Amino acid sequence: MIPTLSTHELSIRFSHRAGTIQAVDGVSLKIAPAECVGIVGESGSGKTQVFMAAMGLLAGNAKASGSVRFEGSELLGAEPSMLNRVRGSKITMIFQDPMTSLTPHLKIGTQLAEVMVSHLGMPWGDARASAGRMLDRVQVPEPKRRLNQYPHELSGGMRQRVMIAMSLLCEPSLVIADEPTTALDVTVQEQIIELLRAVRGEFGMALALISHDLAVVAGLADRILVMYAGRVVEDASAQELFRRPRHPYTAELLKCIPSISGPRPLRLPTLAGQPPRPGEMLEACPFTPRCSRAADRCRIERPQLMGAAASQVACHFPLSS
Amino acid sequence: MGAFADEAARRLKSNPAAVAALSVTCAIIVLTLIGPWISPNDVQTLDWLHIAAPPGRSAHWFGTDRLGRDLFVRTLAGTRVSLAIGLAASVVSLLVGVTYGAIAGYIGGRTDHLMMRLIEILSGLPLIFFVIFLTVIFGRSEYLLFFAIGAVGWLTMARIVRGQTLSIRQKEFIEAAIASGASTGRIILRHVVPNVIGPVIVYATLTVPQIILLESFLSFLGLGIQEPGASLGTLIAEGAAEMEAAPWILLVPGSFLALLLLCLNIFGDGLRDALDVKDG
Amino acid sequence: MIRYFFTRLAGAIPTLLIIVTATFFLMRAAPGGPFDQEQTLPPEIMANLQRAYGLDQPIWTQYGRYLKSLMHGDFGPSFKYKDFTVTELIGQGFPVTLQLGVIAMALALSVGILLGTFAALHHNSAADYMTMSLAVVGIAIPTFVVLPFLGLLFGVFLHWLPVAGWESGSIRHLALPVIALALPPLAYIARLTRAGMLEVLRSDYIRTAFAKGLPLHTLILRHALRPALMPVASYLVPAVASIMTGSLVVESIAGLPGIGRYLVQGALNRDYTLVLGMVIIYSTLLIGMGLLVDLLYAWLDPRVRH
């Protein structure tokens with residue numbers, strides 16, 4: 001079965017006046033049809049850039065090498081017209097900040113309908129009607145009224161629902177959600193995650209959920225990828241990851257999630273140290289400075305992703321079960 | 001302060017257009033100063049043998065005008081006048097603008113509000129009309145020309161300085177100076193003014209061509225410099241009248257003015273980029 | 001929002017009144033009168049003239065009479081051009097100037113926005129630098145230099161277009177004056193559009209529009225253009241002022257029978273009513289433009305409306 005999205009040795013470099021930055025360093029991953037994959041990592045781990053490359057949204061000073069395939073077709077270096085057809089219809093993206101992600105001077109209805117008009121050739125009237133129905137399905141109250149409103153008349157949570165609706169209109173195979181809840185209030189966050197769960201059940205598309213917060217990903221993902229310094233360090237089913245994390249970094253991340261039950265710790269656990277600065281190029285394991293299990297081999301030899309299908313890890317001394 | 005100036009100078013040097021513009025401007029200035037010495041001709045002399053002669057044919061390098069006056073020397077004289085007025089009026093509007101802006105920004109509150117309202121109102125009027133108006137009604141004197149130009153030039157400078165002053169006002173060393181009992185005037189002079197130098201220089205550089213343009217415009221309309229004095233504006237007016245018969249009478253002063261203004265503008269833009277000044 | 005517009009409209013009338021009053025009294029305050037230029041006339045004839053034009057009345061009476069005649073749309077007789085009323089003079093000349101100004105404004109806007117957008121889309125390329133260099137030239141070189149130069153090039157040397165003169169409805173006579181007049185605002189508008197567009201293209205919502213796979217022209221026209229034009233909208237009133245100033249020069253050089261010459265000539269001749277008429281026309285135009293721009297802001301950015 002062809003994976004919906006697959007990358008092979010994807011690397012992305014940014015060139016600045018001060019030097020080059022390796023944002024993504026040899027990432028190979030697969031997302032199967034209808035699969036929900038959570039991609040977790042700190043800022044600067046490269047998790048967003050991987051998917052920017054897939055969408056063709058990389059900045060002008062970025063250089064991507066390797067391969068990114070959507071349903072078998074190569075996306076890197078493809079014809080812009082082909083990319084434009086795929087983008088927004090078959091692969092769609094939901095961005096982090098709903099407050100600034102919608103065009104302020106256009107009505108909601110226009111911004112929704114234009115996707116169908118552009119990609120499916122629908123006439124405007126039909127497109128707006130479809131948009132109204134979709135707003136209903138993402139639980140926006142009074143959808144007809146909303147169609148005629150401007151973004152600034154909607155709350156943050158509602159705007160994010162609009163973004164989600166916008167991403168579903170052309171029945172995509174893959175929806176990429178980049179930190180969809182980070183900019184929202186905590187109560188609204190829950191609602192949006194619930195919405196994503198419902199939408200997934202209803203539409204059955206693949207979902208790539210990017211977040212720095214394992215808790216957000218926990219409820220939804222079938223499989224979780226952990227990224228650090230531009231590399232995938234662990235790739236396991238959600239169950240396996242939470243029960244038996246194998247990479248020291250993953251274990252630390254899990255410790256950081258405060259739990260409702262159990263004794264209250266005196267201090268919230270944090271990870272010591274800092275992730276490597278984006279400019280630093282590393283040959284060996286990038287987690288070495290912060291790893292309690294580090295040895296000489298970690299400083300010299302780069303660990304590769306290894307293991308069974310359900311649980312892969314890039315570590316010389318993975319945690320045992 | 002020294003490091004800042006070095007960085008700015010470096011950025012300016014790496015801007016070939018600005019450097020070229022500065023060089024040309026300097027060349028023109030030098031030419032206007034030494035011109036009368038190197039040319040065998042005189043500004044006033046009417047050479048009856050060579051009326052409206054085209055350039056290159058005689059001892060008149062740029063040709064002569066309708067009255068036989070040498071165009072080379074006349075153009076240089078006109079450039080000198082334009083530059084002099086431009087510079088002088090710029091200095092005046094600079095002093096007025098900086099003082100006004102510094103006071104408004106420093107005192108703040110209602111005084112500032114009122115002072116800025118005045119600037120808003122004055123900016124709103126199409127000042128050219130006002131200037132033409134005054135110049136025409138109260139006589140065609142060169143002093144009035146000066147006053148009129150001065151009335152226009154200081155507005156932007158005042159705004160910029162006021163903006164800068166407002167932001168500097170908050171800084172600690174001002175608090176320290178006040179606490180140590182320094183008088184308002186002293187504080188403004190010793191502390192505020194040196195810190196607003198950057199934008200002031202840039203806008204001063206950009207004000208000069210604006211003023212030269214205004215003066216030429218007024219002279220062109222016949223409201224500025226009068227006969228027999230010549231400014232580039234009057235020379236261009238003469239040239240425009242003779243355009244079909246003797247085009248060089250227009251081309252020479254016209255090119256000088258265009259070149260001068262172009263170079264001053266390019267240099268000013270380059271300076272602004274180098275000092276990285278944003279609009280107040 | 002309609003209410004806001006009418007409030008502004010109401011506020012404009014006192015402003016106009018102040019301008020007219022100030023002009024009226026300023027003109028009278030200046031030394032000299034409308035009949036000084038003529039050959040010295042015998043005192044009785046002078047007195048008669050003064051009486052005929054109502055100049056012997058106290059100044060407040062003159063002011064009142066003037067305002068009353070304004071209400072009837074009558075600008076009064078011209079003191080210099082004896083056979084005409086100011087209304088007639090303006091009526092003759094205004095269409096020419098209006099034509100000139102409107103075409104120049106349209107040219108400046110269309111070409112300026114086009115060039116600015118083009119430059120922004122090709123940011124940091126050779127085309128970008130060239131366009132912006134042309135803009136500097138347009139801004140720096142004054143109209144009264146550009147027009148004669150254009151005339152020299154296209155008229156005297158190439159013989160393509162007439163240098164001066166005017167025929168009603170003739171495009172050829174308008175071509176050079178319009179181009180010379182449009183050049184400075186065109187350059188400014190190009191620069192402003194480019195800056196505005198570059199700013200907008202960096203926004204999150206443009207990234208979203210791009211991610212939706214919209215074709216480039218849709219993205220620019222529907223999503224990017226309106227917010228990018230805000231700085232241009234702010235510039236419109238100065239642009240009109242610039243065109244008005246330029247028309248003085250252009251009309252005099254090209255010999256166009258517009259109203260531009262009336263302002264300077266009128267002031268020179270102490271032709272009170274003519275100058276007042278001109279001031280009213282120009283001020284009304286500017287204030288009107290200001291109101292239009294306010295409406296424009298609301299259209300460009302719906303957030304302003306609420």
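Chain C holds 12 helices and 0 strands, where helices (H or I, at least four residues) and strands (E, at least two) are DSSP runs numbered from the N terminus. Buried residues make up 40% of its 306; buried means that 20 or more other C-beta atoms, placed from the backbone, lie within 10 Å of the residue's own. This is a predicted model, in which local features need pLDDT of at least 70, side-chain atom pairs count only at pLDDT 80 or more, and totals for chains, interfaces and linings use all residues. Residues are numbered from 1 along each chain as its sequence is written, while chains are lettered from A and ligands numbered from 1 in the order in which they are written.

Now to the sheet in chain A. Its 8 strands form an open, mixed sheet in the order β6-β7-β8-β3-β9-β10-β12-β11; strands pair if DSSP finds at least two bridges between them. Because β6 and β11 of chain A each have a single partner strand, they stand at the edges, and one side of each is left without a neighbour in the sheet. β6(A) pairs with β7(A) in the parallel sense over 4 bridges, and A:T92 has A:V175 as its bridge partner in β7(A).

Here are some of the strands:

| Strand | Residues |
|---|---|
| β6(A) | 91–94 |
| β11(A) | 306–308 |
| β7(A) | 174–178 |

Over in chain B, helix α11 (residues 248–275) is mostly covered, with 21 of its 28 residues buried. At 1.5 Å a residue (times one less than the number of residues), this helix should span 40 Å, and its end C-alpha atoms are 40 Å apart, which agrees.

Technical notes
Buried ≥ 20, exposed ≤ 12 C-beta atoms within 10 Å, placed from the backbone.
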